[in-house]
Amino acid sequence: MTASTLRRWRRPLLVFLGLALCALAHPALAQNYPQTTLEPKSAIAGEVDHLLRDIVFWVVVIFVIVEGGLVFTVVRFRRRAGGPAPKPIHGNTPLEITWTLIPAIILAFIAVPTVKTIFRVADVPKNALEVRVTGHQWWWEFNYPQLGVTTANELHLPLDRPVAFTLESVDVIHSFWVPAFSGKRDVIPGRTNHMWFAPAAAGEFPGQCAEFCGASHANMMFKVFVQPKADFDAWVARQKAPVPPPDSTSLAAKGLTVFTHGQCVACHMIDGVSYGVIGPNLTKVSTRTTIAAGMYENTPDNLKAWIQNAPKHKPGSLMPNMNLSDADVEALAAFLQTRR
Ligand code: CUA
């Protein structure tokens, strides 16, 4: 190999080595990129990951053989000064049959484990916890029909128990995706989709809408909290526990009046207070760590800013700026903070 050939190949070689290093270092990458799919935390995600790795291994082997043959041919049989003109060739039947058969065999080789995995992934276990997921522009509704709990944007799941999801949309196509636990599944208006997984690690995991669905698609996030059974049961009990009405002289009581006499009730449900179904259920809003589908931490200041002018903070937000006075915003925020 001459010095000039080396120089010519240096850059592509460096890029290739860089990519190879990235692939090898993926556990380190996973720490910086929580939405990685390369650190599966459920059996289903593990099977899909395993399938991906198997196929990538064989694809690399085939790539090296094919590209090796190509490079060898290009170099070995290149045109040389003063060489004879190449002999014309009019087809070679055995060769053509061979290069048709080989890709067909390779495809069959990939299809068998893929189809097997698809069937295994579709097989929902019997004792699954049911969760109805509804996609809205731009937030997620989570309903647990067996438990009588409805919440938004924060999904609590028990550790190691299979969860069967029913996925529906009230407006446009969204896509439900928790990278650590499963692949994506579209959430389509007029159609019910299904998926399941059993989270095998406790902790907090990010979820994301993975189908472009309008102005705030990127702001359609959610969190998954996987908890040991006792903690999950405590969460359920807390979601179902009644909230006493605020003390009649408190700011929260004034907030309740603003809530029930204003436009809030048209969109939001609070058990025993209002029956709106367009926006998130606020029965236990202050047990959530975030507001606006994961955009902001659930702090009093953020809550006030959100109530004051939601579209300013979230492009396209269906909750309008209702031009409330500062006093009403303060009172509403105080009332919502009692919903815990
Ligand atoms: Cu919902 Cu993107």
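Predicted model: local features only at pLDDT ≥ 70, side-chain atom pairs only at ≥ 80, totals over all residues.
Begin by selecting the five strands of the open sheet, which follow the order E3-E2-E1-E5-E8 with mixed pairing. At its edges are strand E3 (149–152) and strand E8 (193–197), each of which pairs on one side only. Looking along the sheet, you will find neighbouring strands turned by 25 degrees against each other on average, direction ignored.

Next, select strand E1 (residues 129–136) together with strand E2 (residues 139–144), which run antiparallel and are joined by 5 bridges; valine 133, for instance, has phenylalanine 142 in E2 as its bridge partner.

Turn now to the aromatic rings, where 14 pairs are counted. Select tryptophan 140 and phenylalanine 176: their ring centres are 5.6 Å apart and their planes stand at 75 degrees, over the 60 required, so the pair is edge-to-face. Because tryptophan 140 belongs to strand E2 and phenylalanine 176 to strand E6 (residues 174–177), the pair ties together parts 36 residues apart in sequence. Tryptophan 140 counts as buried, at 0% relative accessibility, and phenylalanine 176 likewise counts as buried at 0%. Widening the selection shows a cluster linked by ring pairs, whose members include Trp140, Phe142, Phe165 and Phe176.

Finally, select lysine 184, which lies over the face of tryptophan 177 at 4.5 Å from the ring centre, and then arginine 76, which lies over the face of phenylalanine 77 at 5.2 Å from the ring centre.

Terms used:
Residues numbered from 1 in each chain as written. Heavy atoms only, no water. Pairing = 2+ DSSP bridges. Helix = DSSP H or I, 4+ residues; strand = E, 2+ residues; numbered from the N terminus. Axes fitted to C-alpha atoms, helices over the stretch in contact; angles between N-to-C directions. Phe/Tyr/Trp six-rings, centres within 6.5 Å; stacked < 30°, edge-to-face > 60°. Buried < 20%, exposed > 50% of the residue type's maximum accessible area, 1.4 Å probe, protein only. Lys NZ or Arg CZ within 6 Å of the ring centre and 35° of its normal.
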